[in-house]
Amino acid sequence: MSHKKSPSMPADVENLRRRSAADSEISMEPEHHHRFPRRRCPTDLLCVGPHHPELGAAETPSPDASAHQFYHYTPKCFLTVHGGGLGASQSTTSYYGEDAWHEGTTKTTIRAENEVEAHREANNYKFGFRKWKGHVTEKPIEDQSDIIKELHSDLSYVKPQEGSVATFGNIVYVIIFGWWISLIYFLICPVMFLTIVGAPYGKLCFKMACYFIWPFGKLIEKACDVVNRPVAKPPKFEVIPEDSENSREKDSAPLLMSSPLPAVLIPVPETPARKTSLQCRVSTYVWLLLGFPVLAVVHSLACVLSWLPVFSIPVAKMNARTLSIILLMEPEDIQIHRLEKTFGCETRVILCCSHAFNAYYYKYTVQGIHIFALNLLPLVFSTLIFGYTDRDHNLCTAETKFAMAITSIIPLSYYIGMGIASISAQSNFAVGAVVNATFGSISEMTFYITALLHGHRAGTKCYEEIVKAALTGTLLGCILFVPGICMIIGGIKHREQRFNSRSAGVSSALLFISVGGVFAPTIFSKAFGSLVCESCTNANGSAPFVCRDCHYDTSQAIPQLTPSHIQPLVYTISVLLPAAYLIGLIFTLKTHSHIYDIHISDGQGGHAHSHHVVHWSRWRALGVLIAATILMACCADLTTRNIEPILTHSYISQYFIGVTVLAMVPELPEIVNGIQFALQNNISLSLEVGSCIAVQVCMIQIPLLVLFNAFYDVGFVLVFSDIHLWASIFSVILVNYIFMDGKCDYFQGTALVVVYLILLALYFFAPSPRSC
């Protein structure tokens with residue numbers, strides 16, 4: 001199509017359209033241009049929006065079309081999301097009037113492999129939904145990049161060797177694994193020779209010992225496969241000419257003759273399979289009795305030790321494949337060769353390993369579960385076993401149990417997040433909203449409630465102060481540290497990033513409402529309470545008094561101030577904050593959905609379905625959610641049980657422990673998601689990750705704690721210390737200032753992180769609460 005200018009179109013509108021078309025091409029990530037080359041197809045042209053230059057003077061959508069939020073899946077094409085925040089291109093609709101051309105709403109270009117992934121991407125842009133970066137469906141291996149293909153290979157393919165195998169990682173393998181695995185084979189070798197009938201397996205042990213001391217640049221294959229291995233040699237066929245006359249005619253024919261040679265191909269018959277003798281069967285029994293059990297333990301141990309560090313998973317695969325295949329084969333069938341450098345084709349063998357370590361294994365997943373979350377799962381069960389069986393701390397100290405319990409919360413938070421994303425992506429909006437509202441804050445609420453219950457049973461207010469410090473720490477971390485670290489990492493890679501200032505403004509407004517409501521009882525108590533000091537001294541009559549440990553006490557001013565004034569205020573705020581959150585949902589998802597407007601269209605108004613396999617079905621995801629929630633409650637209980645020695649004997653302020661460890665450890669999966677969004681130049685979702693958690697802390701979690709205290713009185717009063725009050729107010733004001741211009745860089749992120757570290761230093765040197 002052409003770019004002809006419409007005679008009735010104003011000049012400034014045409015210029016804006018040209019700039020929008022240019023920006024839409026720039027907003028694409030560079031890596032997408034290399035990985036996914038664009039193809040001119042009808043659906044592809046319709047996926048890039050109404051103002052693509054190849055569509056000419058296309059009309060803007062009608063009011064009815066733009067007033068509703070819709071999304072359809074487009075297979076294998078780039079999808080447009082209006083109001084997201086990845087690119088810098090402008091998109092407008094006639095529904096919002098002429099001012100919409102200058103509102104600064106952005107258009108994001110995303111790509112979804114199937115309908116479920118498109119639904120997950122759409123949920124990321126919905127207010128109140130948990131943001132999830134990982135896939136919830138299984139991507140075909142042929143569509144993966146070469147790096148991912150290599151990560152999921154089973155070490156059964158030989159690829160052309162590039163470079164030397166004498167790398168630092170391979171040398172480390174010899175020091176950590178190679179020498180003792182090889183030594184075990186050398187020790188078993190004479191044992192098998194002494195049995196006489198097990199001599200073939202003795203030879204196998206000798207060959208395997210030489211292999212495992214340095215397995216790189218070598219390959220193990222079956223004897224019959226050596227003959228059939230595709231190498232740069234002519235196939236074993238005999239060519240029999242039909243007659244001599246035709247042969248002479250063909251010799252005089254042109255070399256570029258298109259007709260085939262009239263020849264008969266006779267395949268060479270393969271060597272018949274070797275029959276199993278009685279001696280072979282006896283040697284197999286001897287091997288399974290004397291040699292195999294020891295090697296099974298050795299390879300299992302090596303497999304576990306190399307799997308846990310993640311980056312040495314190739315060593316684990318090598319040991320697992322040896323244990324499950326090679327050691328169960330006939331010893332005569334196993335041949336070990338050196339990999340020739342001239343080997344120019346990719347061939348399937350039994351085992352071939354070139355590198356012991358691979359730095360890209362941080363991307364490795366098993367059934368959609370990230371490798372780090374999978375490897376931390378045994379820690380969860382170990383924590384429960386040691387925590388509930390060793391109550392007298394005979395096996396490990398309370399500090400160790402606390403560290404294990406708080407670390408176990410990290411993988412459980414990941415499983416809860418993946419379960420929520422899986423159910424939301426496979427369900428409608430109502431089910432997704434209920435699941436997000438129910439399980440979205442479950443990891444934090446379990447810890448808060450168990451800590452309050454433990455403090456109530458112990459008869460101390462220290463745990464209540466720890467809970468308030470954790471609430472404040474989550475608020476500060478999510479509005480300062482999470483956006484700051486995402487801005488720094490994203491700004492270093494992309495220099496400057498743009499985000500939707502309208503959606504950020506909505507989040508800032510909700511943050512102001514949240515902080516104002518949560519800290520209103522604190523301000524009320526300071527306005528009507530009395531300043532009480534523990535001890536005041538005066539050296540002489542003329543010198544002023546020196547008072548220590550001064551604080552506001554509402555019981556000293558008016559005896560009935562707390563039950564008759566502050567408590568009703570707390571209940572009122574606990575009703576107003578969820579109501580404000582509900583209004584925010586209606587505003588962003590219904591009446592003003594264009595702020596988060598999502599258009600994932602196939603251009604024809606229909607739905608395109610493709611075959612996809614979800615990692616977790618809805619029932620499986622629900623089961624994981626319930627199980628992870630129960631385990632989370634147990635780990636939170638162990639955390640509160642074993643934190644007492646840290647609170648009483650530690651030289652660090654209890655404020656600092658609550659603000660850092662107890663607040664930010666459960667949010668680590670969310671931080672990782674935000675960083676991944678920032679690396680993909682989608683800083684808008686990175687900012688929404690932190691803002692969404694901070695708003696939920698104030699508008700959902702705190703009202704739930706107040707509701708819990710109303711039914712089961714644990715002494716929780718919504719009155720915070722001065723340090724929490726001023727730190728939160730200052731942080732919200734700063735973040736609102738950063739979000740004003742709709743763009744960010746690593747300098748603004750550094751400012752947020754530095755302010756966060758200053759506040760942490762303030763908490764670190766602060767004196768402990770009076771109740772602790």
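In this predicted model, the axes of α17 and α28 come within 11 Å and cross at roughly 35°. The crossing is right-handed as α17 passes α28. On the α17 side, the contact uses Glu444, Met445, Tyr448, Ile449, Leu452 and Leu453. On the α28 side, Gln701, Leu704, Leu705 and Phe708 meet them. By class, the contact of α17 with α28 has eight nonpolar residues. One polar and one charged residue complete the set.

Helix α17 also packs on helix α18. From α17, Phe447, Tyr448, Ala451, Leu452, His454 and Gly455 take part. They meet Tyr463, Glu464, Val467, Ala470, Leu471 and Thr474 of α18. The residues of this contact divide into eight nonpolar, three polar and one charged.

Tyr448 and Leu452 are in the contact with α28. Tyr448 and Leu452 are also in the contact with α18.

Next comes a pair earlier in the chain. Helix α15 spans residues 398-425, and helix α16 spans residues 429-439. Their axes come within 9 Å and cross at roughly 165°. That angle makes α15 roughly antiparallel to α16. The crossing of α15 and α16 is right-handed. Ile416, Ile420, Ile423 and Ser424 form the α15 side of the contact. Val431, Gly432, Val435, Asn436 and Phe439 form the α16 side. By class, the contact of α15 with α16 has six nonpolar and three polar residues.

About 150 Å³ of space lies in the largest cavity. Its lining is made of 16 residues. Closest to the centre of the largest cavity are Arg130, Gly440, Glu670, Ile693 and Gln696. Two elements, α17 and α28 (683-711), each give two or more residues to this lining. Helix α28 gives the most, with five residues. By class, the lining of the largest cavity has four nonpolar, seven polar and five charged residues.

Technical notes:
Residues numbered from 1 in each chain as written. Predicted model: local features only at pLDDT ≥ 70, side-chain atom pairs only at ≥ 80, totals over all residues. Heavy atoms only, no water. Contact = heavy atoms within 4.5 Å. Helix = DSSP H or I, 4+ residues; strand = E, 2+ residues; numbered from the N terminus. Nonpolar A, V, L, I, M, F, W, Y, C, P; charged D, E, K, R; others polar. 1 Å grid on protein atoms, 1.4 Å probe; cavity = no way out; pocket = protein on both sides within 12 Å on 5 of 7 lines; lining within 4 Å. Points joined across faces, edges and corners; volume = space filled by probe spheres on them. Axes fitted to C-alpha atoms, helices over the stretch in contact; angles between N-to-C directions. Parallel < 35°, antiparallel > 145°, perpendicular 65-115°, else oblique. Left-handed = near helix turned anticlockwise from the far one by under 90°.
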